[in-house]
Amino acid sequence: MLIPFFNDVLGVIGALGFWPLSVYFPVEMYIIQMKIPKWSRKWICLEIMSTFCLIVSIVAGLGSLVGVWIDLQKYKPFSLEN
């Protein structure tokens, strides 16, 4: 109740955790396990996918931060809006 912008805060936390935990580490572990040589076609495709997901995470995090900022501009603690 005190944080009406809770969804935006969760979005920021989710954006921070998405890329490293869901994309970067698994892709790098796969590359090492399968011994994929650098600059091969498969390696380039995996790195492009990882970079694309990083960009998506950054944009999602920025969008959530903007949402928090907008909500903070009109937030008045302990007030009721009718």
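The model is a predicted one, in which local features need pLDDT of at least 70 and side-chain atom pairs count only at pLDDT 80 or more, while totals for chains, interfaces and linings use all residues. Residues are numbered from 1 along each chain as its sequence is written, and side-chain values use heavy atoms, with hydrogens and water left out.

**The helix pair**

Two packed helices are described by the angle between their axes and the distance between the axes. Here helix 1, residues 6-33, packs against helix 2, residues 41-73, at an angle of about 170 degrees and with the axes 7 Å apart. Because of that angle, helix 1 is roughly antiparallel to helix 2. In the contact of helix 1 with helix 2, the residues divide into 18 nonpolar, 6 polar and 5 charged.

The terms used here are set as follows. Helices (H or I, at least four residues) and strands (E, at least two) are DSSP runs, numbered from the N terminus. Axes are lines fitted to C-alpha atoms, for helices over the stretch in contact, and angles run from 0 to 180 degrees between N-to-C directions. Angles under 35 degrees count as roughly parallel, over 145 as roughly antiparallel, 65 to 115 as roughly perpendicular and the rest as oblique. Ala, Val, Leu, Ile, Met, Phe, Trp, Tyr, Cys and Pro count as nonpolar, Asp, Glu, Lys and Arg as charged, and the others, Gly among them, as polar.

**Annotated spans**

An unreviewed UniProt entry places the feature "transmembrane region" at residues 12-32 and 44-70; such positions are given in the numbering used here, feature names are shortened, and annotations may be inferred rather than shown by experiment. In the model, residues 12-32 are 100% helix and 0% strand, with end C-alpha atoms 30 Å apart. Residues 44-70 are likewise 100% helix and 0% strand, and the end C-alpha atoms of that span lie 39 Å apart.

**Residues across the helix contact**

Ser 64 lies in helix 2 and, at 12% relative accessibility, counts as buried, where buried means under 20% relative accessible area, exposed over 50%, and partly exposed in between (1.4 Å probe, protein chains only). Leaving aside residues up to four places away in sequence, Ser 64 touches Asp 8, Gly 11 and Val 12, a contact being heavy atoms within 4.5 Å.

Val 59, in helix 2, is exposed, with a relative accessible area of 55%.

The following table lists C-alpha separations for selected residue pairs.

| Residue pair | Separation in sequence | C-alpha to C-alpha distance |
|---|---|---|
| Asp 8 and Gln 33 | 25 residues | 37 Å |
| Lys 35 and Trp 69 | 34 residues | 45 Å |
| Val 59 and Ala 15 | 44 residues | 8.6 Å |
| Gly 11 and Leu 62 | 51 residues | 9.5 Å |

**The loop**

Most residues other than glycine have a negative phi, and most peptide bonds are trans. Lys 35, which is not a glycine, has a positive phi of about 55 degrees; Lys 35 is found in the loop between helix 1 and helix 2 and counts as exposed at 69% relative accessibility. Trp 39, again a residue other than glycine, has a positive phi near 65 degrees. Trp 39 has its place in the loop between helix 1 and helix 2 and counts as exposed at 65% relative accessibility.

**The cysteines**

A disulfide is a covalent bond between the sulfur atoms of two cysteines. The structure holds 0 disulfides, the criterion being a pair of cysteine sulfur atoms within 2.5 Å. The sulfur of Cys 45 has its closest cysteine sulfur in Cys 53, at 13 Å, which is too far for a bond. Cys 45 counts as partly exposed at 47% relative accessibility, whereas Cys 53 counts as buried at 15%.
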